[in-house]
Amino acid sequence: LMRMKDLIDLNRSTLRVSRSITSRIVRLGVPSGVTQMIFSMSSILVQSLTNSLGASIVTANTMVMRVDGFAMMPNFTFGIAATTFAGQNIGAKKLDRMFKGTKELTMLALGTSIVMVSGILLLGKNLLYIFTTTPEIINLGLDMLKTLALGYIVFAVSQVLQGVMRGAGETKIPMWISIICTVIIRMPLAYAWAFLTRSPEFPNGDPLCLYGSLLITWLCGCGMSVFFYFKGKWRKHVTETLRS
């Protein structure tokens, strides 16, 4: 870099922090960081509830989380792709291509999720046999996977639409969706579900409260993502910015 004088002038006078660029990076980055922090905090709180449900539930949950880790990868990947794709096309002032690409990304994400969910439903028991051969835990884990099945499909839509909004510079809407769904909806719902379903079989609550609450959260998050994608002010802001 020091020798590339025709391309870049790297010296003490040019190595200065730009206040405007820094503030823009912080404005875009902090909401995304808060979103990730909320996911981590919710995992801790849900793990606390999981531990209270008994050793067999913890074992089944651990197996399901291993499968879930692979099942979520395509959704997160399409979300990252949507962010990059939207940012590049907005930078090139090609909104038509961005919106067309969003539709195609959504269809790709949905198709991938449907194939993946079909595999989980058909081969879920075989996947769980990798971790244990105890019938009780296998059946419990299979019930959990079936509960989450629809959620993977709607979560794919959420990731793509939220990714597009992030790529357009709107990181606050995904952050608020995450806060509302995780803090306001899932946490109280999971604990209330567990409390209201206590029985001799499950003295601390029905274990499906863990994934039933997550499914409802994903459905709500998808609904809000679709609403704000089509009705949010971010679209008008992007259009006005490109015209100015």
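This is a predicted model: local features need pLDDT of at least 70, side-chain atom pairs count only at pLDDT 80 or more; totals for chains, interfaces and linings use all residues.
A residue counts as buried when its relative accessible area is under 20%, as exposed when that area is over 50%, and as partly exposed in between (1.4 Å probe, protein chains only). With that in hand, here are the views.

**View 1. Gly-163 is a buried residue of helix α4.** At 0% relative accessibility, Gly-163 counts as buried, and its place is in helix α4. Residues are numbered from 1 along each chain as its sequence is written, and side-chain values use heavy atoms, with hydrogens and water left out.

**View 2. The whole protein is made of seven helices and zero strands.** Helices (H or I, at least four residues) and strands (E, at least two) are DSSP runs, numbered from the N terminus. Read from that end, the order of elements is α-α-α-α-α-α-α. Along the principal axes, the C-alpha atoms fill a box of roughly 75 × 40 × 35 Å. Of the 244 residues, 40% count as buried.

**View 3. Helix α2 packs against helix α4.** Two packed helices are described by the angle between their axes and the distance between the axes. Axes are lines fitted to C-alpha atoms, for helices over the stretch in contact, and angles run from 0 to 180 degrees between N-to-C directions. For α2 (residues 55–91) and α4 (residues 135–167), the angle is about 15 degrees and the axes lie 8 Å apart. That makes α2 roughly parallel to α4; the classes are roughly parallel for angles under 35 degrees, roughly antiparallel over 145, roughly perpendicular from 65 to 115, and oblique for the rest. The crossing of α2 past α4 is right-handed, a term used when the near helix is turned clockwise from the far one by less than a right angle, with left-handed for anticlockwise. In the contact of α2 with α4 there are 22 nonpolar, eleven polar and three charged residues. Here Ala, Val, Leu, Ile, Met, Phe, Trp, Tyr, Cys and Pro count as nonpolar, Asp, Glu, Lys and Arg as charged, and the others, Gly among them, as polar.

**View 4. Helix α3 also packs against α4.** The angle between α3 (residues 95–128) and α4 is about 170 degrees, and their axes are 9 Å apart. The two helices are therefore roughly antiparallel to each other. Their contact holds 21 nonpolar, six polar and two charged residues. Also look for Ile-138 in α4, which is buried at a relative accessible area of 1%. Its C-alpha atom is 6.2 Å from that of Leu-128, a residue ten positions away in sequence.

**View 5. Helix α2 bends at Met-72.** The bend at a residue is the angle between axes fitted to the seven residues ending there and the seven starting there. At Met-72 the bend is about 30 degrees, and the proline Pro-74 follows within four residues. From first C-alpha to last, the 37 residues of α2 reach 52 Å, close to the 54 Å expected at 1.5 Å a residue; the expected span is 1.5 Å times one less than the number of residues. Just after α2 comes Lys-93, in the loop between α2 and α3. Lys-93 has a positive phi of about 60 degrees although it is not a glycine, and at 56% relative accessibility it counts as exposed.

**View 6. Helix α5 has a kink at Arg-186.** The kink is about 35 degrees and lies shortly before the proline Pro-188. The end C-alpha atoms of α5 (residues 172–196) are 34 Å apart, which agrees with the 36 Å that its 25 residues should span. Arg-186 is one of the buried residues of α5, which also include Ile-173, Cys-181, Met-187 and Ala-194.

**View 7. Gly-29 sits in helix α1 (residues 19–52).** Gly-29 is partly exposed, with a relative accessible area of 36%. Its C-alpha atom and that of Lys-233, 204 residues apart along the chain, are separated by 19 Å.
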